[in-house]
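Here are some friendly notes to go with the model below. They walk through surface, rings and core in turn.

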Amino acid sequence: MGLTYGSTIIGSVVITVAATLLAVFGIDVTARPSLRLVLSTILLQGVTFGGVAVLYLKVRDLGFDFVPLTIPDRRDVIVTIAGIITLLGLLVIASTIISLLGLESAQNQIVTIGQQNPVVFLLLVPLSFLLVGPGEELLYRGLVQGTLRETMHPARAIVLASALFASIHLFSLSGEGKLVYVGIAFVLALVLGATYEYTDNLTVPAVIHGAYNAVQFASAYLTATGGI
């Protein structure tokens with residue numbers, strides 16, 4: 001998988017605290033990887049990323065218009081559809097090249113957990129649209145890319161923000177081929193950054209990101225259950 005999410009120090013702390021609190025009520029999250037995954041999605045992409053965004057805007061005394069989020073117009077819809085097709089197309093091309101070169105790509109821990117309990121993949125489909133896409137785009141495109149864009153050319157801001165986004169995924173990878181995985185994530189992130197810069201509407205990369213992940217999770221579920 002390409003744009004599945006990574007981890008952050010703050011997010012890990014939040015998840016650990018939540019797991020400790022749940023343990024008090026007899027809910028052992030550590031023994032239930034699927035529950036921990038869903039919990040981490042809600043706390044990391046939703047609570048943590050959203051909280052960081054609000055705090056950042058407040059500390060810098062910025063309005064919410066710093067991260068433009070509006071209902072997509074006709075042009076935005078076209079760019080969104082094109083972005084989804086582009087990401088999926090790039091994934092197919094990258095996968096083909098990796099196969100031809102005999103390379104390996106690391107596996108995201110989400111895949112490992114989902115293969116043990118495929119229902120997790122189904123849960124992650126709506127969460128991709130509701131939390132993962134919006135949360136990660138708010139942080140990496142809205143805050144990081146937006147801040148970099150204040151002092152440098154937009155193209156450089158896109159590249160640096162994409163590099164940071166891709167490198168964060170290292171924390172959620174296992175196996176050989178981590179650099180291959182990160183490389184793919186970087187290329188895909190460039191597309192997200194470009195669509196945000198072009199439309200100046202965070203809704204566009206958020207929907208593209210969410211749809212891309214949702215397609216992957218749905219495909220992973222069908223594969224794990226023998227549906228395809």
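1. A word on patches to begin with: they are built from residues with over 30% relative accessible area and no salt bridge, joining like charges within 9 Å and nonpolar side chains (Val, Leu, Ile, Met, Phe, Trp, Tyr) within 5 Å. A salt bridge here is a side-chain nitrogen of Lys or Arg within 4 Å of a carboxyl oxygen of Asp or Glu. Accessible areas follow the Shrake-Rupley method with a 1.4 Å probe, and for residues only the protein chains shown count as cover.

2. Please keep in mind that this is a predicted model, where local features need pLDDT of at least 70, side-chain atom pairs count only at pLDDT 80 or more, and totals for chains, interfaces and linings use all residues. Residues are numbered from 1 along each chain as its sequence is written, and side-chain values use heavy atoms, leaving out hydrogens and water.

3. On the surface, a nonpolar patch is formed by Ile 93, Ile 97, Leu 101 and Leu 103, with about 390 Å² of accessible area together. Ile 93 belongs to helix 3 (residues 74-101); helices are DSSP runs (H or I, at least four residues) numbered from the N terminus. With a relative accessible area of 49%, Ile 93 is partly exposed, a class between buried (under 20%) and exposed (over 50%), using a 1.4 Å probe and protein chains only.

4. Now the rings: those of Phe, Tyr and Trp (its six-membered ring) pair if their centres lie within 6.5 Å, with planes under 30 degrees apart called stacked, over 60 edge-to-face and the rest tilted. The count comes to three aromatic pairs. Phe 121 and Phe 217 are stacked, because their ring centres are 6.4 Å apart and their planes are at 25°. Phe 121 is buried at 0% relative accessibility.

5. Tyr 140 and Phe 165 make an edge-to-face pair, since their centres lie 5.1 Å apart with planes at 80°. Ring pairs also link Phe 49, Tyr 140 and Phe 165 into a cluster.

6. The largest nonpolar core has 17 residues, and Phe 49, Tyr 140 and Leu 143 are among those with the most contacts inside it. Such a core is a set of buried Ala, Val, Leu, Ile, Met, Phe, Trp, Tyr and Cys residues joined through side-chain atoms within 4.5 Å. Helix 5 gives the largest share of this core, five residues.

Note on methods:
Helix = DSSP H or I, 4+ residues; strand = E, 2+ residues; numbered from the N terminus.
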